[in-house]
Amino acid sequence: MRPNKLRRHLETKHPKHMNKPLDFFQRKLSEYRQQESRMVKSTSVNKNAQMASFKVAYRIARCKKPHTIAEQLILPAALDMVSVMLDETSAAKLKTIPLSNDTVAKRICDISNDLEDQLVEKLRDTRFALQVDEATVSNQDCLFISYVRFVCSESLREDLLFCKYVQTRATADELFKILDSYLTEHGLKWENCIGFCSDGAQTMAGKRKGLQALIKRVAPEAQWTHCVIHREALASKHLSPELNDVLTVVVSAVNFIKTRPLKARLFSALCEEMGADHTAVLFHSDARWLSRGKVLSRVFELRAEILAFLEAERVYDISGKFRDEQFLMKLAYLSDLFGKLNELNLQLQGKDKHLPHLADKITAFIRKLDVWGRHLDEGNTAAFENLHEISETSTSGATTVIPCIKLHISTLTQLFQKYFPNNSMQYDWIIDPFNTPAPADFSSAEEDQYIEMTSDSTFRLRFPAQTLSEFWLGVEKEYPLIGQRSLAVLLPFATSYLCEIGFSAVASLKTKYRSHLRIEHDLRVAVSSLQPRFENMCATKQAHCSH
């Protein structure tokens, strides 16, 4: 606003007004202020249009759609429907709703800030646990995502804490700096953090220089949990050389069919001609938890079609394997076993999963492995449906293949026991307190409260009707020592499932057509369990416009 710059602007941009008197500019200023007041009046009248704009933007973000869809599809479709069902006058009112690309982006940003404010308000002065993970998404951006579980009234709630870009190397120091800065900026206390969960990568799990060690320095009471799903994947990953050869052949056959469009079309036509239930095989990906089971199951179902196709294509080095009885028995076993592992994996996935629940699932699977091993010792393959089907028609393969399968079952049992030591016994007092004695590591005061609580008929009647978290939060009010002890188990996350879901949502949001999208606000609105305060946001906008 310096005089010389104003003079230069007037001379270069408005030369025709150079010699105008002062009254001319004062009159222009008066006209501008009158116009501004009319704009404010117009804005206040269109409060409903602003509310509609917020709600449309919210739905767009929840569905993970591009911001342009409001102006390109939603508004035109709404105009068509209202003009047909009502009249043109009503349709014209919809045109006052601001739904441009930039407006929708601003609305989503406002909603995200409101949701974040609500979450931070709930987290202050309450106990919470974190779930963290980092990954590089399709456009090479490195993201650090954190979810939080916290005590809210008489239950536990989960929500997205933040999604931040990692600008440099994703080291433990850099990730901790992001996490610590966020908590400090929003007035959240590390002493309220009682647990955090991550995968077993050295950056996260290192006891000296990992994120686990850095968090324990500021929150000594926080207990680290190695994601149960990742541990299950590590335990089931091992295959003996013989079984690994089967998987290699399967992947080669799938790649031969799927990586060539013409071959894929010919195979699909052959499957239809042979009356198969499926017309395509599935790609294998180590990054996907359920991939191996689905691929092996599909290949076993289409084994006759794959054999016919490979022989027609003269790929005899692979097709010969599909005529080998021993190969088919191993394939049948792997399809059965990984199908069972997929069932276990699905049971471990989901929201509101606690360590005692998942420990029971793992214990049950380990016990099943023991039973399956004993049945194989007796020559009984009924536990494995596809293997049982093949072994009934096999003449010589069983005697060679069964020892290989027994060895794999034994190794799998040992690996599960390694990754899940003393799995469920430590949680019995939480899952079934009225039929379980107090743990040996309870203090005298804790044991006294445990006896009093388990002798209380009121709590005995409540237990079947409430979730574990609701029950123990209620117990804490009257018996704080054992209530706090139980919440130290129930509050921490058992898996990093929510972070994985977050990265899947990022992949849906940040497509190649939206590569420059800043993902934080859209992701929060898409996954948050909190409800936006639309009235407050509209009132804030109105107040801002009036000034």
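Student: How many disulfides does the structure hold?

Tutor: Keep in mind that this is a predicted model. A disulfide needs two cysteine sulfur atoms within 2.5 Å. Take C152: the closest cysteine sulfur to its own is in C193, 18 Å away, so that is too far for a bond. For the structure, the number of disulfides is zero.

Student: Is C152 buried or exposed?

Tutor: The cut-off for buried is under 20% relative accessible area. C152 has 15%, so the word for C152 is buried.

Student: And what is the relative accessible area of C271?

Tutor: C271 is another cysteine that falls in the buried class. Its relative accessible area is 0%.

Student: Over to the surface. Which residues form the positive patch?

Tutor: Start with K16, which sits in the loop between α1 (3-13) and α2 (22-45). Exposed means over 50% relative accessible area, and K16 has 69%, so K16 counts as exposed. The positive surface patch is formed by K16, K20, R27 and K28.

Student: There's a nonpolar patch with V84 in it, too. Where is V84 placed, and is V84 buried or exposed?

Tutor: V84 belongs to helix α4, residues 69-85. Its relative accessible area is 67%, and the cut-off for exposed is over 50%. So V84, in helix α4, is exposed.

Student: What area does that nonpolar patch have, then?

Tutor: V84 makes the patch together with M85 and L86. The area of this nonpolar surface patch is about 380 Å².

Conventions: Residues are numbered from 1 along each chain as its sequence is written. This is a predicted model: local features need pLDDT of at least 70, side-chain atom pairs count only at pLDDT 80 or more; totals for chains, interfaces and linings use all residues. Side-chain values use heavy atoms; hydrogens and water are left out. Patches are made of residues with over 30% relative accessible area and no salt bridge: like charges are joined within 9 Å, nonpolar side chains (Val, Leu, Ile, Met, Phe, Trp, Tyr) within 5 Å. Accessible areas come from the Shrake-Rupley method with a 1.4 Å probe; for residues, only the protein chains shown count as cover. A salt bridge is a side-chain nitrogen of Lys or Arg within 4 Å of a carboxyl oxygen of Asp or Glu. Lys and Arg count as positive and Asp and Glu as negative; His and the chain ends are not counted. The place of a charge is taken as NZ of Lys, CZ of Arg, CG of Asp or CD of Glu. Helices (H or I, at least four residues) and strands (E, at least two) are DSSP runs, numbered from the N terminus. Buried means under 20% relative accessible area, exposed over 50%, partly exposed in between (1.4 Å probe, protein chains only).
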